Amino acid sequence: MTPLRALCVFCGSSPGVDPVHGVAARALGAALAEAGIDLVYGGGRVGLMGMVADSVLAAGGRVTGVIPKALADLEVAHLGLTELHVVGSMHERKAMMADRSDGFIALSGGIGTFEELFEIWTWGQLGDHAKPVALLNVAGFYDKLAGFLDDVVTAGFLRPAHRAMLMVDDDPAALVRRMRDHRAPLVAKWIDRAER
């Protein structure tokens, strides 16, 4: 079991319509700080991104932000972080966040959040890492996605073992505990020679 020193959080640069998403972002930040786990995230000061970062900082935790120069130039970079890295591209951003993190949580968000989640989950499926990946399912936000993923398993396009790699929880503190206790599963190869 790898020590959980830093968790990467993917989330919206918008606060969303329902304030419950902001409440969950702040609760997740507080849970990370209380557990002594650093936050790694996209480096923004706006939306849920800013809320989770501010919550960690307010509770005495450490926050590392990674933001592309184009976004930093739009004045959305959070300048009050423990560390802020300005990089050249989204590809560099995602690689640095992955390298600096021992696990990944997707909060509520839009297509950028979904893209980051699916890419890091795919890397796990391919064996590029054995770090925990999870959804914080705020007010049922990810219920339909979780159901669709189960349908993908039934349709034969996703192995049950790979589906099980994605944890889902609606309680921030409980999810942090589950990720801390995570043990990388022994999963089937993503493709068998017989299937080619």
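This report covers helices, salt bridges, cysteines and a surface patch in one structure.

The model is predicted, so local features need pLDDT of at least 70 and side-chain atom pairs count only at pLDDT 80 or more, while totals for chains, interfaces and linings use all residues. Residues are numbered from 1 along each chain as its sequence is written, and side-chain values use heavy atoms, with hydrogens and water left out.

## Two helices

Helices (H or I, at least four residues) and strands (E, at least two) are DSSP runs, numbered from the N terminus. The expected span of a helix is 1.5 Å times one less than its number of residues. Buried means under 20% relative accessible area, exposed means over 50%, and partly exposed lies in between (1.4 Å probe, protein chains only).

Helix α5 covers residues 111-125. From first C-alpha to last, the 15 residues of α5 reach 21 Å, close to the expected 21 Å. Which residues of α5 are buried? They are Thr113, Glu116, Leu117, Ile120, Trp121 and Gly124. These residues cover an arc of only 125° around the axis, so they sit on the same side of α5. The arc is that of the directions from the helix axis to the C-beta atoms. An α-helix has 3.6 residues a turn, so residues three or four places apart point the same way. Just after α5, Gly127 takes a positive phi of about 85°.

Helix α2 spans residues 47-58. Its end C-alpha atoms are 17 Å apart, which agrees with the 16 Å that 12 residues should span. How many residues of α2 are buried? The count is 9 of 12, so α2 is mostly covered. Among them are Gly47, Leu48, Met49 and Val56.

## Salt bridges

A salt bridge is a side-chain nitrogen of Lys or Arg within 4 Å of a carboxyl oxygen of Asp or Glu. A search of the whole structure finds 9 salt bridges. The table shows three of them.

| Glu83 | Arg100 | 3.3 Å |

Take Glu83 and Arg100, which meet in a salt bridge. This pair links distant parts of the chain, 17 residues apart. Glu83 is in strand β4, and Arg100 is in the loop between α4 (90-99) and β5 (104-106). Glu83 is partly exposed, at 24% relative accessibility. Arg100 is partly exposed too, at 36%.

Glu115 counts as partly exposed at 35% relative accessibility. Lys94 is buried, with a relative accessible area of 11%.

Is Asp169 buried or exposed? Asp169 is buried, at 14% relative accessible area. Arg178, at 35%, is partly exposed. Elsewhere, salt bridges that share partners join Asp38, Arg62, Glu83 and Arg100 into one network.

## Cysteines

A disulfide is a covalent bond between the sulfur atoms of two cysteines. Here it is counted as a pair of cysteine sulfur atoms within 2.5 Å. A search of the whole structure finds 0 disulfides. Cys8 is in none, and the nearest cysteine sulfur, that of Cys11, is 9.1 Å away. That is too far for a bond. Cys8 is buried, with 0% relative accessibility. Cys11 is buried as well, at 8%.

## Surface patch and loop

Patches are made of residues with over 30% relative accessible area and no salt bridge; like charges are joined within 9 Å, and nonpolar side chains (Val, Leu, Ile, Met, Phe, Trp, Tyr) within 5 Å. Accessible areas come from the Shrake-Rupley method with a 1.4 Å probe, and for residues only the protein chains shown count as cover.

Which residues form a nonpolar patch on the surface? Leu71, Leu74 and Met90 do, with about 270 Å² of accessible area together. Leu74 lies in the loop between α3 (69-72) and β4 (83-87). Leu74 is exposed, at 60% relative accessible area.

Leu79 also lies in the loop between α3 and β4. Leu79 counts as exposed at 76% relative accessibility. Its C-alpha is 8.0 Å from that of Arg45, 34 residues apart in sequence.

## One more contact across the chain

Arg93 lies in helix α4. Arg93 is buried, with a relative accessible area of 6%.
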